[in-house]
Amino acid sequence: ILCANDSMALGAVAAVKTANKTGKVAVVGFDNISAVQTLLADDRMLATADQYAGKLAVFGIEVALQILAGEAPPADKTTAVDVVTKETLAAQSK
């Protein structure tokens, strides 16, 4: 089940459990909220994507300030997106 965000993934994990399908249905979320890290670690979720929302907010503020100062905003801004899995969580904690 590919969820649009991790809050939806929490609901999907609960639904999978209720249907007695834990371990048979993969759940993937998006946002890497702290609540899903336990689910990743114990295999109730396969993965989540981290788009670094804090950095996105900073980029938005910077562009708004450029526009207010009369500068042209950048045409596009590339931001990182990383897939977070049980393995990458384990690597981060070392």
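# Briefing on a predicted protein chain

The secondary structure of the protein chain consists of four helices and two strands. The model described here is a predicted one. Read from the N terminus, the elements follow the order α-α-β-α-β-α. The protein chain is more spread out than a compact globule, because its radius of gyration is 17 Å, well over the 12 Å that the globule rule gives for 94 residues.

**Overall dimensions and surface**

- The C-alpha trace of the protein chain spans about 60 × 30 × 20 Å along its principal axes.
- Of the 94 residues in the protein chain, 21% count as buried.
- The accessible surface of the protein chain is about 6,300 Å², and carbon and sulfur atoms account for 60% of that surface.
- The protein chain carries 8 positive and 10 negative side chains, and 13 Å lies between the centres of these two sets.
- When contacts between residues at least 6 apart in sequence are considered, 51% of them join residues at least 24 apart.

**The largest nonpolar core**

- Twelve residues form the largest nonpolar core, among them Cys3, Ala9, Ala12, Val13, Val16 and Val27.
- The membership of this core also includes Val36, Leu39, Leu40, Met45, Val84 and Leu89.
- Two helices, H1 (6-18) and H2 (34-41), each supply at least two residues of the core.
- Helix H1 gives the most to the core, with four residues.

- Val13 lies in helix H1 and is one of the core residues.
- Val13 counts as buried because its relative accessibility is 8%, and the cut-off for buried is under 20%.
- Leaving out residues up to four places away in sequence, Val13 touches Val27, Leu39, Arg44 and Met45.
- Val13 and Val25 are twelve residues apart along the chain, and their C-alpha atoms are separated by 9.0 Å.
- Ala14 also lies in helix H1, but Ala14 counts as partly exposed, with a relative accessibility of 42%.
- The C-alpha atoms of Ala14 and Arg44 are separated by 9.5 Å, although the two residues are 30 residues apart along the chain.

**Ile1, Val16 and their partners**

- Ile1 is placed in the segment before H1.
- Beyond its neighbours within four places in sequence, Ile1 is in contact with Ala12, Val16, Val25, Ala26, Val27 and Val28.
- Ile1 and Val28 are 27 residues apart along the chain, yet their C-alpha atoms are separated by 6.2 Å.
- Val16, a member of the largest nonpolar core, is in contact with Ile1, Lys21, Thr22, Val25 and Val27 when neighbours within four places in sequence are left aside.

- Most residues other than glycine have a negative phi.
- Asp31 is not a glycine, but its phi is positive, near 130°.
- The position of Asp31 is in the loop between H1 and H2, and Asp31 is partly exposed, with a relative accessible area of 33%.
- Asp43 likewise is not a glycine and has a positive phi, of about 65°.
- Asp43 belongs to the loop between H2 and strand E1 (48-50).

- Ala75 is found in the loop between helix H3 (53-68) and E2.
- Ala75 is exposed because its relative accessible area is 87%, where exposed means over 50%.
- Ala75 and Thr22 are 53 residues apart in sequence, and 44 Å separates their C-alpha atoms in space.
- Thr85 lies in the loop between strand E2 (82-84) and helix H4 (86-92).
- Thr85 counts as buried, at 17% relative accessibility.
- Apart from residues up to four places away in sequence, Thr85 touches Leu46 and Ala47.

Terms used. Residues are numbered from 1 along each chain as its sequence is written. This is a predicted model: local features need pLDDT of at least 70, side-chain atom pairs count only at pLDDT 80 or more; totals for chains, interfaces and linings use all residues. Side-chain values use heavy atoms; hydrogens and water are left out. A nonpolar core is a set of buried Ala, Val, Leu, Ile, Met, Phe, Trp, Tyr and Cys residues joined through side-chain atoms within 4.5 Å. Buried means under 20% relative accessible area, exposed over 50%, partly exposed in between (1.4 Å probe, protein chains only). Contact means heavy atoms within 4.5 Å. The radius of gyration is taken over C-alpha atoms; the globule rule is 2.2 Å times the number of residues to the power 0.38. Accessible areas come from the Shrake-Rupley method with a 1.4 Å probe; for residues, only the protein chains shown count as cover. Lys and Arg count as positive and Asp and Glu as negative; His and the chain ends are not counted. The place of a charge is taken as NZ of Lys, CZ of Arg, CG of Asp or CD of Glu.
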